[in-house]
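Please keep the sequence and the 3D view open while you read.

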Amino acid sequence: MSARATCIALALAIASVPNIALAQEGASSGGSLVGLAAGLVVGIAALGGTLAQGKAVSSSVEAIGRNPGAAGELKTPMILGLVFIETLVIFSFVVALQLIGKI
């Protein structure tokens, strides 16, 4: 995902989350920033996850390029690292959903 696409996704998340949250019955129209915070949490986590995954894969491919015989040994730790990075992004999404539930 390019930086431009990430910025567009962040802007859409910020723009849409407060509107969805304030569309509930009985929601107050005055100044709650929880929806904005939830959008920012997801956007920043997605941006950080994207950058971290790019760096991890780049480093792994570079190491395999220098030593092709180590490809089998590098593949498992790389995939495990990508799983941990993606898990942090999913946790931030869960936190954002919990924030929206508190409006």
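**Ground rules.** This is a predicted model, in which local features need pLDDT of at least 70 and side-chain atom pairs count only at pLDDT 80 or more, while totals for chains, interfaces and linings use all residues. Residues are numbered from 1 along each chain as its sequence is written, and side-chain values use heavy atoms, with hydrogens and water left out.

**The whole chain.** The secondary structure consists of three helices and zero strands, in the order α-α-α along the sequence. Helices here are DSSP runs of H or I with at least four residues, strands are E runs of at least two, and both are numbered from the N terminus. Of the 103 residues, 17% count as buried. Buried means under 20% relative accessible area, exposed means over 50%, and partly exposed is in between (1.4 Å probe, protein chains only). Contact means heavy atoms within 4.5 Å. Among contacts between residues at least 6 apart in sequence, 71% join residues at least 24 apart.

| Helix | Length | End-to-end C-alpha distance | Expected span |
|---|---|---|---|
| α2 | 33 residues | 48 Å | 48 Å |

In α2, the buried residues are Gly35, Ala38, Gly39, Gly43, Ala45, Gly49 and Ser60. In α3, they are Leu82, Ile85, Val89, Ser92 and Ala96. What covers these α3 residues includes α2.

Which residues does Ser60 contact, leaving aside its neighbours within four places in sequence? They are Leu74 and Met78. Ser60 belongs to α2 and counts as buried because its relative accessibility is 9%. Ala71 lies in α3, which covers residues 71-101. With a relative accessible area of 27%, Ala71 is partly exposed. The C-alpha atoms of Ala71 and Val61 are 8.6 Å apart, and the two residues are separated by 10 residues along the chain.

**A nonpolar patch.** Leu33, Leu36, Leu40 and Ile44 make a nonpolar surface patch of about 360 Å². Patches are made of residues with over 30% relative accessible area and no salt bridge; like charges are joined within 9 Å, and nonpolar side chains (Val, Leu, Ile, Met, Phe, Trp, Tyr) within 5 Å. Leu40 sits in α2, residues 34-66, and its 33% relative accessibility makes Leu40 partly exposed.

**The salt bridge.** The structure holds one salt bridge, defined as a side-chain nitrogen of Lys or Arg within 4 Å of a carboxyl oxygen of Asp or Glu. Glu62 and Arg66 form it through their side chains, at 3.9 Å from N to O. Both residues are in α2, four residues apart, about one turn of the helix. An α-helix has 3.6 residues a turn, so residues three or four places apart point the same way. Side chains of opposite charge can pair when their charged atoms come close. Glu62 is partly exposed at 48% relative accessibility, whereas Arg66 is exposed at 63%.

Conventions:
Areas by Shrake-Rupley, 256 points an atom, 1.4 Å probe, with all protein chains shown as cover. Expected span 1.5 Å × (residues − 1).
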